[in-house]
Amino acid sequence: MSDSIEPCPYGERSEPAWPQRFRTGSLCLGVFLAGAGILVLQKTMDDRRADDLGAIALGFCLALMTALGSAWGFERAGFHRFGLHPRIRQCRDDIHGPGIEIPYVRILPVQLSAVFSCITVSGAFMIRASNRPDGAMLLARHELPHSGSFIAWTTCATVAVCALPFLIHPRGSTRLHADGIRRRTTWLVRRGVSDVFVRWDEIQEVDADVYTVSGRGASTHNPLIRLHVPGYEPTPPRVAHDKPDSFTVPAYVLVSDPNTLLGLIDRLHGCPEDRHLVTTPEAPELLRPLPVRERLRIARKIPRQQWEW
């Protein structure tokens, strides 16, 4: 019996299922947007002294959007999931005992909410400016007492749009126990909870798969871990990726590194003598990914694949 708590990034595989490559174009985009955000913020501070509240609001919205765009560029370049996420923790279940809990990401709905809010605020000020004869001052400070209706409607619209990503984005977690794997998913806009538990002995095979989102000129391949379970039948409310005899773990919406999570699931499925490791207090360390430099070095050594992360 092995008591090693060392992570097993790729399981029985000799290379990552979804290579993480360094993308120079995305890095350049991130650097460009970061510089643009700094310039916009500097211009906003100048407008602050000019007492133009509309220009200040537009400036801060543009600065925030460029900052989020810069962060997205750095993430696409390969700089994401640097280490063990602090939200990966040990959990305890009354039926299945202790295990590891890997929650869904929170940053995506927050980013979308911020972008939608900035677009709403910017659009409101630009609409107001188009209805003014001078057009120079979007909304000066001395006009605030006479603009109660504008401020109220803009605030209501911003709050409504800000809530949309949280209504659509699923919430929940995936838990790894000594006797099986549990996936719990909830939606604010759908009734019910998808709560599925599959025992390790019921799993026939563990495969790496992708959920592809196609766009103009490029496609994004989001990692999925597909568990082949004979006799499994999705029941409402169901996760869209599930199929008959196929249970999926949506690795792309979990806070863990997809390749490390796939390796651990491979290990727990293929090595029954190691399943007790998830019950120890140090169990979250099993999901600590390799350093980014090491992951990029490994990805450079293997042929370019269609699935990249």
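Helix α3, which runs from residue 107 to residue 130 in this predicted model, has 24 residues and should therefore span 34 Å at 1.5 Å a residue, and the 35 Å between its end C-alpha atoms agrees with that expectation. The buried positions of α3 are P109, S113, A114, S117, C118, T120, V121, S122, A124, F125 and A129. Because an α-helix has 3.6 residues a turn, residues three or four places apart point the same way.

Three of these buried α3 residues, S117, T120 and V121, are touched by T158, when residues up to four places away in sequence are not counted. T158 itself belongs to helix α4, residues 148-168, and its relative accessible area is 15%, so that T158 is classed as buried, the cut-off being under 20%.

The strands β1 to β5 make up an open sheet of five, arranged in the order β1-β2-β3-β4-β5 with antiparallel pairing. The edges of this sheet are formed by β1 (89-93) and β5 (193-199), each of which pairs on one side only, and from one strand to the next the twist averages 25 degrees.

Within the sheet, β3 (residues 171-177) is joined to β2 (residues 97-103) by five bridges and to β4 by six; both pairings are antiparallel. Between β3 and β4, which form a hairpin, there are two residues. Individual partners across β3 are set out below.

| Residue | Partner |
|---|---|
| I100 | L176 in β3 |

Why is β3 largely enclosed by the rest of the structure? Five of its seven residues are buried, and β3 is therefore described as largely enclosed. S173, a residue of β3, counts as buried because its relative accessibility is 8%, where the cut-off is under 20%. The side chain of S173 makes a polar contact, at 3.3 Å, with the side chain of E101. With neighbours within four places in sequence left aside, the residues in contact with S173 are E101, I102, P103, Y104, R182, R183 and R184.

Helix α5 (residues 258-270) lies across β2, β3 and β4 (180-186), and runs at about 40 degrees to β3. From its first C-alpha to its last, this helix of 13 residues reaches 18 Å, close to the 18 Å expected at 1.5 Å a residue. Eleven of the 13 residues of α5 are buried, so this helix, too, is largely enclosed by the rest of the structure. Those buried residues are P258, N259, T260, L261, L262, G263, L264, I265, D266, R267 and L268.

The largest nonpolar core has 36 residues, of which I181, I225, L227 and I265 touch the most other members. Two or more residues are given to this core by each of β2, β5, β6 (205-215), β7 (218-228), β8 (246-249) and α5, with α5 supplying the largest share, five residues. For I225, once neighbours within four places in sequence are left aside, the contacts are W18, V206, D207, F247, T248, V249, A251, P258, L261, L262 and I265. Among these contacts, P258, L261, L262 and I265 are also buried residues of α5.

A second, separate core consists of eight residues, including L58, V121, A124 and F150. Both V121 and A124 are listed among the buried residues of α3, and V121 is also one of the residues that T158 touches.

Methods. Residues are numbered from 1 along each chain as its sequence is written. This is a predicted model: local features need pLDDT of at least 70, side-chain atom pairs count only at pLDDT 80 or more; totals for chains, interfaces and linings use all residues. Side-chain values use heavy atoms; hydrogens and water are left out. Helices (H or I, at least four residues) and strands (E, at least two) are DSSP runs, numbered from the N terminus. The expected span of a helix is 1.5 Å times one less than its number of residues. Buried means under 20% relative accessible area, exposed over 50%, partly exposed in between (1.4 Å probe, protein chains only). Two strands pair if DSSP finds at least two bridges between them. Axes are lines fitted to C-alpha atoms, for helices over the stretch in contact, and angles run from 0 to 180 degrees between N-to-C directions. Contact means heavy atoms within 4.5 Å. A polar contact is a pair of N or O atoms within 3.5 Å; within protein, one must be able to donate a hydrogen and the other to accept it, and residues adjacent in sequence count only if both atoms are side-chain atoms. A nonpolar core is a set of buried Ala, Val, Leu, Ile, Met, Phe, Trp, Tyr and Cys residues joined through side-chain atoms within 4.5 Å.
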